[in-house]
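Please keep the sequence and the 3D view at hand.

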Amino acid sequence: MGLLIITVLVRILETMLVVGATGSVVVLVLSGIEDLKLLFGREEQNYS
Amino acid sequence: MSSFGPTSPSNRVRIVVATSVMLTFISYWRAAAIVLNDLASSGFYACGIAEQAVGKSAPWFIVAVMLFSFAVRAVYVESCSMFVRGGVYKVVKEALGGTLAKLSVSALMFDYILTGPISGVSAGQYIVGLVNETFITADIHGWIPRAVHNIFHGTPHLNVNLTSVVIALAVTIYYWWENTKGIQESSEKALRVMQITTVMVVILLAWSAFTLLKAGYNPVPLPIPQNLHFSKESLGFLSHSFPEQDLAKMFGLLGILIAFGHSVLAMSGEESLAQVNRELAHPKLKNLKKAAIVIAIYSFVFTGLSALLSVMLIPDAVRVPVYKDNLISGLAMYMWGPLILRLIFRAFVVVVGFLILSGAVNTAIIGSNGVLNRVSEDGVLADWFRVPHRKYGTSSRIINMVVVLQILTILASRGDVYVLGEAYAFGVIWSFTFNSLSMLVLRFKYKGERGWKVPPNITIAGTEIPIGLFAVMLVLLSTALVNLATKSVATVAGVSFSVVFFVIFTVSEHANRKKHALAKEHMKDHFQLLQSDTVDRGSLGIRPGNVLVPVRDYNTLNHLRWVLEHSDTREQDVVVMTARVSQFGTAAYGLSSEQVFSDYEQTLFTRAVSVAESVGKRISLLVVPARDPWSAIAQTAHNLESSAVAAGISSKMTAAEQAFALGSAWEAIPEPKKQFVLQIVQPGGIVDTFRIGPHTPTMKNEDVALLHRLWLNITREPGLENVHHHDILTQALTRFAHDYGARDHDNIVKELGRHSAADGPLPVRRIADQIATVQPEPTRPDRDEGPQSPKE
């Protein structure tokens with residue numbers, strides 16, 4: 001019974017890690033694209 | 001204009017409380033340097049600790065943590081882009097409630113307090129490692145005298161852990177005193193340290209690449225469960241239930257998570273990003289993002305790559321046994337090249353390590369002080385802690401408490417970096433977790449302005465689902481939970497610490513609630529707080545040409561009395577201001593008026609009003625939050641179009657130094673700006689007067705005579721009959737500026753140095769390449785002169 005509870009808890013943690021890590025990769029890619037645009041994108045010109 | 005006297009609502013003294021902190025803004029490079037001083041210091045010890053816990057594949061986990069720090073950084077950027085008021089306690093309280101908010105602040109405090117000991121002890125390990133290595137090399141060459149040999153019964157050596165403790169204590173005590181005196185955190189210093197560190201990193205990477213080509217490398221085992229070798233200590237409470245090497249095989253992913261948890265302290269320092277945010281120059285969000293990119297890339301390159309290189313280049317036989325606590329030094333010693341060059345580079349690594357790690361000790365004291373000040377402002381720490389130091393005006397009681405805790409931690413660790421690192425990880429991971437959890441909850445609860453959101457977000461049935469934020473929070477929470485089980489030292493120390501702080505906060509909050517209710521009643525009777533985002537004449541209802549009187553200590557208000565006695569307030573308004581100084585580390589969020597106007601300000605202004613009443617004149621009262629009091633005074637004088645600033649003499653600076661500090665702050669104000677007069681009123685009624693900003697200098701009689709002689713001679717020249725004295729000065733100054741900027745720079749500096757030495761010390765500190773704008777008047781006692789107006 002004890003091992004079962006531990007196994008369930010461990011699986012929950014592992015699921016959190018997998019879901020979280022996958023989502024974090026998406027965050028990394030999307031914010032990375034924004035960063036590249038910020039660093040290498042053309043500055044907005046003010047012609048006024 | 002304010003009034004005083006009876007306590008009917010209309011006659012209450014009006015106090016304008018500015019809630020926007022008056023900051024001296026910094027570029028994103030400087031902001032990145034400040035954060036990196038904390039973040040990059042982890043690179044000196046993180047991999048050594050991780051390898052002891054999980055084995056040879058630790059560098060991959062450090063790399064993973066550094067990549068994940070890009071996502072954590074996104075959470076901090078979002079938190080910084082929210083326009084909320086209150087300290088970290090108030091913000092978390094809004095999201096998660098009072099209990100979790102107190103726990104969150106406790107975890108943050110644990111993080112800050114542990115930063116000092118781990119950095120100090122690590123700096124000691126690097127120094128002692130170098131000294132012992134030098135002894136060994138000297139002994140091999142027969143340079144150690146026999147007598148010294150006999151004393152040490154062999155090659156001389158220092159006890160590594162004991163000496164590290166002594167060095168850590170010395171550094172901590174040094175910064176305790178500096179903080180008690182009230183040193184300013186300088187972005188200039190941080191930038192210099194990072195420039196030197198960058199030189200070291202470039203040499204390290206280039207030389208490592210060369211060594212890899214010449215001498216080959218050891219492969220770094222991939223981060224898979226079979227390659228994880230947990231030590232008994234690294235499994236913490238789980239070590240009693242599971243044989244260490246079976247655990248990873250039983251639960252493959254759990255092993256990965258445990259290893260990740262042991263490496264997470266590599267990103268400690270990321271939280272400093274939130275604290276430099278408010279000081280970033282316009283455009284703030286764009287600069288914040290740029291600073292965040294610089295920080296993430298730099299820490300990835302330094303911490304991540306140096307971790308990989310240490311396993312690739314340092315042989316297994318010595319890496320953990322000899323260099324576990326000074327891995328970068330070990331890397332220097334295993335480069336391809338002559339021993340002497342390697343030793344020189346190692347010495348350079350130690351110098352850089354000492355600079356950055358001892359800087360982190362300072363950051364830890366400043367950060368802890370800042371967080372506790374804010375917590376005190378939020379009402380969960382007794383006001384007693386915030387009473388200013390009698391002489392230096394700093395929150396010395398908080399500084400003392402923080403440093404005592406740090407010293408106890410250093411002594412308890414006995415110089416063991418691994419133990420400190422394990423405990424430190426508790427504060428790091430839980431403060432990140434609470435922050436991400438708060439941000440997630442605030443996505444649904446907080447409806448105010450937000451500059452940026454962590455991507456991706458999808459909208460279902462009109463509700464925005466913050467997928468990215470949720471994902472980052474999941475990784476942090478799962479790591480924090482696993483660490484609770486596997487880091488027994490951290491869990492016991494962290495939980496005990498948090499419980500103690502939780503109790504202190506709860507008791508203080510309870511006591512403060514009663515006290516503040518009484519104080520509020522008193523306030524309602526006497527003062528009327530008017531909140532204003534910015535400082536201007538309109539909000540105070542005053543006229544241009546007013547006199548600004550900065551006050552700090554309610555026991556020294558002589559200068560206010562002097563100003564009131566010498567002014568006609570029907571003609572010239574007198575504004576009494578106090579700068580509520582928020583140190584570095586407190587500027588993550590804006591301030592509410594209750595935070596700015598505390599018990600102390602109430603007592604201070606009650607005394608100021610008493611002085612005004614005794615003289616029978618009116619005053620206006622103003623509180624401004626600021627990072628630097630000089631900058632606050634200069635900006636306020638500028639915004640209020642004051643003609644004079646009348647200050648008391650400082651206990652730390654001479655009148656001329658005060659003038660120089662104010663002059664420097666005035667220089668930082670963008671054009672157009674007006675000059676004003678600074679009057680320093682000394683206790684005996686002696687007044688030193690200075691003009692702030694460019695002004696006509698006072699000329700000596702002999703200089704005037706010389707000018708006149710030149711004019712006489714020049715006007716005798718044909719065609720120059722109409723030349724004026726000022727034409728000669730213009731010509732002379734133009735030529736001087738040309739020579740100073742080009743060929744004769746050094747000679748001019750030398751000449752001026754000689755001249756000033758002959759005339760006695762200059763009244764203000766001079767830097768060769770900086771033209772000071774402050775000059776004292778030649779005559780000193782102006783006893784009977786009132787506040788002045790600037791003369792052109």
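Glu641(B), which comes after helix H24 of chain B, has a positive phi, near 55°. The structure is a predicted model, in which local features need pLDDT of at least 70 and side-chain atom pairs count only at pLDDT 80 or more, while totals for chains, interfaces and linings use all residues. Residues are numbered from 1 along each chain as its sequence is written, and chains are lettered from A and ligands numbered from 1 in the order in which they are written.

Helices (H or I, at least four residues) and strands (E, at least two) are DSSP runs, numbered from the N terminus. A residue is buried if 20 or more other C-beta atoms lie within 10 Å of its own, exposed if 12 or fewer, and partly exposed in between, with C-beta atoms placed from the backbone.

Helix H24(B), residues 629-639, is largely enclosed by the rest of the structure, because ten of its eleven residues are buried. Among them are Trp630(B), Ile633(B) and His638(B). The buried residues of H24(B) pack against S5, S6, S7, strand S8 (644-648), helix H25 (655-667) and strand S9 (676-681) of chain B. Contact here means that the C-beta atoms of two residues, placed from the backbone, lie within 7 Å.

Strand S6(B), residues 574-581, has eight of its eight residues buried, so it too is largely enclosed by the rest of the structure. Val574(B), Val576(B), Thr578(B) and Arg580(B) point one way from the strand, and Val575(B), Met577(B), Ala579(B) and Val581(B) point the other way. Two strands pair if DSSP finds at least two bridges between them. The pairings of S6(B) are tabulated below.

| Partner strand | Residues | Sense | Bridges to S6(B) |
|---|---|---|---|
| S5(B) | 547-550 | parallel | four |
| S7(B) | 620-626 | parallel | seven |

Val576(B) is the bridge partner of Val549(B), and Ser620(B) in S7(B) is that of Val575(B).

Ala423(B) lies in helix H17 of chain B, residues 417-445. Ala423(B) counts as buried because it has 25 C-beta neighbours inside 10 Å. Leaving aside neighbours within four places in sequence, its contacts are Leu114(B), Val489(B), Ala490(B), Ala493(B) and Gly494(B).

Between the chains, 18 residues of chain A are in contact with 27 residues of chain B. The chain A side divides into twelve nonpolar, four polar and two charged residues. Here Ala, Val, Leu, Ile, Met, Phe, Trp, Tyr, Cys and Pro count as nonpolar, Asp, Glu, Lys and Arg as charged, and the others, Gly among them, as polar.
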